[in-house]
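Here are a few notes for a colleague who is opening this entry for the first time. Please keep the sequence and the structure at hand while reading them.

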Amino acid sequence: MTAPPALREALSSLQGLLALTLLLGDGRSEDEVVQLAVTAVPALAPCRVEGVLHAGLGWRTTAGACARPGSRARIQAQLNRTGPGGGPLVVPERAWAWAFVLRSREEHLGHLVVTADRTPSGAELHLLQVLVAQAGSALASARSRARDQAEAAQLRATNAMLTEAVTALRRRTAVHDRLLDEVVSGAGRSGIARALHELTGLAATVEDAYGNVVARSGPQPSGDSAGRPLPRDRALRRALAAGGPVRHRGRVLVAARRDAQVLGVLVLADPDGRAGEDELAALKLAAAVLTLELARLQGIADTELRLGRDVVADLIAGADAAGAVERARAVGHDLGRPHRVLVLDGPGDPAALLGAVRQAVRDHRSPLVMPRDGGVVAVVAVGPGTADESGRWERLRAATLAGPGVRRCRLGVGGIAAGPADYPRSHHEAACALRMHDVVGGEDRAVCYDELGIYQLLCEVADTDGVARFIRRWLGALIDYDEARGTDLVTTVGRFLECGGSYDATAAAMALGRSTVRYRLRRIRQISGHDMAHPDTRFNLHVATRAIAAQRATAR
Amino acid sequence: MSRDFGLPGVPLRPGEHLCTCYVGAAERDAVLVPFVEAALRDGDRCVVAVVEPAALLARLDPELDAAGCVAGRQLVLGPPAAARDGRFRLDRMAELLQEEADAAARDGEEVVRMAAEVPWAGGHGVDRRELAEFESWAHRFAALYGLVLLSFYDLGLLGGGVLVDLVRTHPTVLLGGVPVHNPHHLAPAEFADVLS
């Protein structure tokens, strides 16, 4: 037997509400819960929802009276006075209005403002109350779930960050270990360049403080940036200001520095801009390791320099010769073997010259060098044969010139020092040879004291007044004439005698015409009264011209 | 005799209509995709009217060669019917389904399965009386043609009131794939009285 329609209608409404309850409880979001509940109201009772006020969030749904700010404010004032069970409202032009409370057991969630053109029946009101209660419960669940999800998301994000940090740390530890392995194994700067290339896949270069490439690994890229020299000043300034790697014309570079002192530069060739965070981190770490390595090398160099300086200073001063010999032996030098003292000078940075000489004279032992008067004094061993010694000194000078920051270099070579007592003399001779440089040569070159000839005597003469008198005796008239007339007769007679009395050779050497030379020599004979055809006269004049050159060189 | 139409626990027979309620495309597809795939496996013609036919096609089992089924008209796939102004119209939907049922009959199809999404999109609201009339028509239409018809309602778009009304007027409603039974459901005329 079928139930009466009214009963079935009531039962069906309950079934519908039950289905809606199932739907609300099925993990809906807050917005979905509110939307489903609001839209279900007209199906359960002849009512409509005019507003939803969320606790702490304000009005989320408004229609009718709640859509008008003035009446909404008045309704909200009534809601504030409503108890936890809700209650009637006064809404203009509505026969019936009710505030339903959205709440869970723990918290107040808001209000549902429902109106109707007639008062709902008790059954209809009951359906609405059940709907709102279920909606409140679902809303609380949704809110709790949202909080849980937010916390879970936060945890996931934190976990992801931690995982990423651990991975990055492991990666950097591996990079660090790899670089340190190279240094510990003694591979030094080459090892650092190799490790950096292998870690990044990019060509790596180590430059010293002067921009010279000291190590390189990996194929250098072709193209514009590869061939061009690094504009160091600007790029380095940027790197120093940044305190880390900077990109510059297809390269990434970082300075290895101790305080303000740049010890070297690490460069990655990156024409395609592939270097990412990992590559830059590896570069930075490599720069730190390179700094340690370069600082270590510089420490060794400083010690060597100090040691060498002390030994050389004592040797050339003739002080504590025995101690100097012992200290030299400690660094591998046997001063019992023949040595020579060298004196080098040149314009420019004395430190650059010192560094270049250290490299040029370096063998497997610490070099014995010291800075002095803007130049450098070095003590070097002499091999058993001396046939090619002048060639050796030229090669040494050339090697010095190849050093960074050295543009010119003159070298004076002292005589053999067979024992400690000979070093002051050898040093004196080297200094003499250096002073005679302009006299015997002209262009920068290595000058050996042993090859100075008559100049050796002239350098060593203690009675300089006697030499001056000799010069006046033979060249006085010409010197006076030159000074009075601004002529160059002393130089001419000297060059004529150096050229063996050849007019042509003298003219070529002085870039003069042959007739000019003949004229000058005629004037020289007239003024000086010397007959240069006489062998004794020629000899004395020759000695006098060399003596005046030596005097001038010594005076400098 | 009932058959498995891809809806486990929901026995259906040819000539029956079932409305399905859900919130969001994922819940819809949880019912719609197995229903369509079962039809393709069984070799039945399946007429589907959904808002995004291409998206549905992409979700079907690739082994079923859904594109080939479309080409061979085993799967007739298109959007829900709309009037010239672009608004969804239930009467146009009814016409569309009837045309497809007639075509299937002409083609000698024994069992036809139909799925129709009822979007009422565009914020035009739900006309409860029109909805009741469409559902009543769908019952008669399924019985007349001996086909299985599922109508789909997205409560996220249409609201919770549609669920209440559908439960009131149907012996069984699928809610998120779960059958909700109402032995006390109202006949169309009775529901019309309630609305009036």
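1. Which residue of S14(A) does Leu342(A) stand opposite? In this model, which is predicted, Leu342(A) stands opposite Val413(A) in S14(A). The two strands involved are S11, residues 339-345 of chain A, and S14, residues 410-417 of chain A, and they pair in the antiparallel sense over six bridges.

2. Strand S11(A) also has a pairing with strand S13, residues 375-381 of chain A, again antiparallel and again over six bridges. Within S13(A), the residue that stands opposite Arg340(A) is Val380(A).

3. Elsewhere in chain A, a pair of helices deserves a look: the axes of H16 (residues 489-498) and H17 (residues 503-510) come within 9 Å and cross at roughly 125°. Because angles over 145 degrees count as roughly antiparallel, 65 to 115 as roughly perpendicular and under 35 as roughly parallel, H16(A) and H17(A) are oblique to each other. The crossing of these two helices, H16(A) and H17(A), is right-handed.

4. On the H16(A) side, the residues that meet the other helix are Thr491(A), Thr492(A), Arg495(A) and Phe496(A), while H17(A) contributes Tyr503(A), Thr506(A), Ala509(A) and Met510(A). Sorted by class, this contact between H16(A) and H17(A) has four nonpolar residues, three polar ones and one charged one.

How values were computed
Residues numbered from 1 in each chain as written. Chains lettered and ligands numbered in written order. Predicted model: local features only at pLDDT ≥ 70, side-chain atom pairs only at ≥ 80, totals over all residues. Heavy atoms only, no water. Axes fitted to C-alpha atoms, helices over the stretch in contact; angles between N-to-C directions. Helix = DSSP H or I, 4+ residues; strand = E, 2+ residues; numbered from the N terminus. Left-handed = near helix turned anticlockwise from the far one by under 90°. Contact = heavy atoms within 4.5 Å. Nonpolar A, V, L, I, M, F, W, Y, C, P; charged D, E, K, R; others polar. Buried < 20%, exposed > 50% of the residue type's maximum accessible area, 1.4 Å probe, protein only. Pairing = 2+ DSSP bridges.
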